[in-house]
Amino acid sequence: MSGWAKLGKRVSEMGFNSGGGIVNWFPGHMAAATRAIRDRLKLADLVIEVRDARIPLSSANEDLQNVLASKRRIIALNKKDLANPNIMHKWARHFDLLKQDCLSINAHSRSSVSQLLALVELKLKEAISREPTLLVLVVGVPNVGKSALINSINRIAASRFPAQEKTKRAVVGPLPGVTQDIAGYKIANQPSIYVLDTPGVLVPSIPDIETGLKLALTGAVKDSVVGEERLAQYLLAVLNIRKVPLHWDRLYNQKIKESLDGSSDSKENIFGDGLSRKRNRINCSDVSYIEDLAEEVQRTLYATFIESAVDVEDESELESLIDRQLTALQTSFRIPPKASDEARTMVSKKLLTLFRMGKLGPFVLDDLPDSCKPIT
């Protein structure tokens with residue numbers, strides 16, 4: 001078992017998971033949608049399987065893999081802007097060794113989606129010569145960006161075929177399970193190519209706790225199913241075991257220098273009066289505020305990591321560190337003193353938001369298979 005695999009096993013068995021059990025989220029519409037997807041897979045000429053680039057393996061729907069393996073398939077690793085670029089080329093090699101077409105994409109980028117469409121046309125080249133109508137099915141677990149991809153494809157198709165009738169846009173939302181129907185969108189003529197968007201569906205049961213936590217952390221499972229604090233504890237466990245806070249020493253030292261120079265306000269008002277007045281605007285499109293907030297969180301996690309001097313291999317010490325970090329972050333997020341449970345929930349929600357926005361840095365949570373690692 002590799003080092004990261006051992007890490008995952010240990011994290012999933014830590015105290016904050018005691019009593020939490022496995023992660024399951026399979027609302028009623030998913031069962032019907034899974035049956036409909038299986039029926040349409042029989043008719044599909046090509047399948048775009050959208051996965052989250054941060055969890056290239058965990059975001060695969062295992063129940064569909066046997067069927068997908070028999071189809072023309074492209075694995076689109078979406079949200080590549082949130083994944084560590086220094087690792088993504090290794091994942092490309094992994095899928096290449098499996099002889100599986102794979103492309104890292106950003107569903108909101110026209111150039112990125114255009115590259116995907118070019119690969120789709122290449123893979124369909126033989127079928128195009130003999131079929132008047134082709135069907136491309138887009139599948140994936142919830143909240144990996146399928147609908148965002150469909151909308152980008154529609155915009156590109158509209159520019160290529162201006163005479164084409166106006167197409168309906170897919171509904172895009174930050175919450176998993178937004179798309180609950182299967183709808184088709186025509187993207188090309190001669191031959192006619194239809195792209196079908198499908199609801200995100202999970203397996204009825206996710207037996208591996210670590211996989212379930214990764215899916216929840218990246219937004220494929222509703223937070224309420226797992227609990228925000230449990231997810232925040234899991235995130236902090238991963239960051240600390242990987243010693244990620246050590247990479248944020250520059251931000252901490254910069255703040256110390258500013259304090260010595262007298263160029264910054266007190267710790268209690270670390271963003272200054274202007275930003276202090278923005279405390280209620282965290283959900284607004286204030287880029288500078290979010291960036292400053294993320295840096296303050298990184299400084300806090302670095303400071304607690306260094307000051308605690310814990311052995312992250314020791315489970316009890318690691319759990320104590322996580323507890324101190326959640327307490328310290330209450331000040332970073334400027335959450336007023338209140339009942340402990342309520343404050344922890346607010347801290348957890350804000351921390352998860354920063355992670356999902358990519359403000360804590362790009363990450364790949366899955367462990368790269370040993371077959372793709374260099375021999376040392």
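**Figure 1. Burial of R73 in strand β2.** R73 is buried in this predicted model, its relative accessible area being 11% (buried means under 20% relative accessible area, exposed over 50% and partly exposed in between, with a 1.4 Å probe and protein chains only). The residue belongs to strand β2, which spans residues 73-78 (helices, H or I of at least four residues, and strands, E of at least two, are DSSP runs numbered from the N terminus). The side chains of R73 and Q65 are joined by a polar contact of 2.9 Å (a pair of N or O atoms within 3.5 Å; within protein, one must be able to donate a hydrogen and the other to accept it, and residues adjacent in sequence count only if both atoms are side-chain atoms). When residues up to four places away in sequence are not counted, R73 touches V47, E49, R51, Q65, L68, Q100 and D101 (contact means heavy atoms within 4.5 Å).

Residues are numbered from 1 along each chain as its sequence is written, and side-chain values use heavy atoms, with hydrogens and water left out. The model is predicted: local features need pLDDT of at least 70 and side-chain atom pairs count only at pLDDT 80 or more, while totals for chains, interfaces and linings use all residues.

Figure 2. Most residues other than glycine have a negative phi. K79, by contrast, has a positive phi, near 65°. This residue is placed in the loop between β2 and α4 (85-97), and K79 counts as buried, at 18% relative accessibility. For N143, phi is likewise positive and near 65°; N143 is located in the loop between β4 (133-139) and α7.

**Figure 3. Packing of helix α5 with helix α7.** The axes of α5 (residues 110-123) and α7 (residues 146-160) come within 10 Å and cross at roughly 80° (axes are lines fitted to C-alpha atoms, for helices over the stretch in contact, and angles run from 0 to 180 degrees between N-to-C directions). Helix α5 is therefore roughly perpendicular to α7 (65 to 115 degrees; angles under 35 count as roughly parallel, over 145 as roughly antiparallel and the rest as oblique). From α5, the residues R110, V113, S114, L116, L117 and E121 meet L149, S152, I153, R155, I156, S159 and R160 of α7. By class, this contact of α5 with α7 has six nonpolar, three polar and four charged residues (Ala, Val, Leu, Ile, Met, Phe, Trp, Tyr, Cys and Pro count as nonpolar, Asp, Glu, Lys and Arg as charged, and the others, Gly among them, as polar).

Figure 4. T211 is found in α8 (residues 209-217). T211 and I55 are 156 residues apart in sequence, with their C-alpha atoms 9.0 Å apart in space. Apart from neighbours within four places in sequence, T211 is in contact with S58 and I206. Helix α8 packs against α10 (residues 228-241) at an angle of about 105°, the axes being 10 Å apart. Helix α8 is therefore roughly perpendicular to α10. I209, E210, L213, K214, A216 and L217 of α8 make this contact with R230, L231, Y234 and L235 of α10. By class, the contact of α8 with α10 has seven nonpolar, no polar and three charged residues.
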